[in-house]
Amino acid sequence: MTYQVLDSTSRLIAKLQTLAPEQQQEVLDFVEFLVQKYTQPQQPPQKRVLGLNQDKIWISDNFNDPLPDEFWLGESEG
């Protein structure tokens, strides 16, 4: 351990000792929460399933066609 870590640990323990037992328990609970949160193994992302949503959506045949000028100019078709 480096001096800085030892110094931080000593300061933390000194402050912790000034707290009431109930507050010390809260600190302990929080530390245990952090340990659990950051030590859980990361699950690999689920693999994609080909065809999972087949026939659930559709795309217009002209989907890739350029939009008309009226769209960009804010003119209504009316």
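This is a predicted model: local features need pLDDT of at least 70, side-chain atom pairs count only at pLDDT 80 or more; totals for chains, interfaces and linings use all residues.
E32 is partly exposed, with a relative accessible area of 45%; here buried means under 20% relative accessible area, exposed over 50% and partly exposed in between, with a 1.4 Å probe and protein chains only. Residues are numbered from 1 along each chain as its sequence is written, and side-chain values use heavy atoms, with hydrogens and water left out.

E32 belongs to helix α2, residues 21-39. Helices are DSSP runs (H or I, at least four residues) and are numbered from the N terminus. A patch is built from residues with over 30% relative accessible area and no salt bridge, like charges being joined within 9 Å and nonpolar side chains (Val, Leu, Ile, Met, Phe, Trp, Tyr) within 5 Å.

How many salt bridges does the structure hold? It holds one, a salt bridge being a side-chain nitrogen of Lys or Arg within 4 Å of a carboxyl oxygen of Asp or Glu. The partners are R11 and D7, whose closest N and O atoms are 3.7 Å apart. Because R11 and D7 are four residues apart in helix α1, about one helical turn separates them. R11 is exposed, at 52% relative accessible area, whereas D7 is partly exposed, at 30%.

The loop between α2 and α3 contains D55. The phi of D55 is near 70°, a positive value in a residue other than glycine. D55 is exposed, with a relative accessible area of 73%. N64 is likewise exposed, with 71%. The C-alpha atoms of N64 and V5 are separated by 59 Å, and the two residues are 59 residues apart along the chain.

Helix α3 includes W72, which is exposed at 61% relative accessibility. W72 contributes to a nonpolar surface patch of about 500 Å², together with L67, F71 and L73. Accessible areas come from the Shrake-Rupley method with a 1.4 Å probe, and for residues only the protein chains shown count as cover.

Two aromatic pairs are found in the whole structure. In one of them, the ring centres of F71 and W72 lie 4.9 Å apart and the planes stand at 90°, so the pair is edge-to-face. Rings of Phe, Tyr and Trp (its six-membered ring) pair if their centres lie within 6.5 Å; planes under 30 degrees apart count as stacked, over 60 as edge-to-face and the rest as tilted.

Notes
Helices (H or I, at least four residues) and strands (E, at least two) are DSSP runs, numbered from the N terminus.
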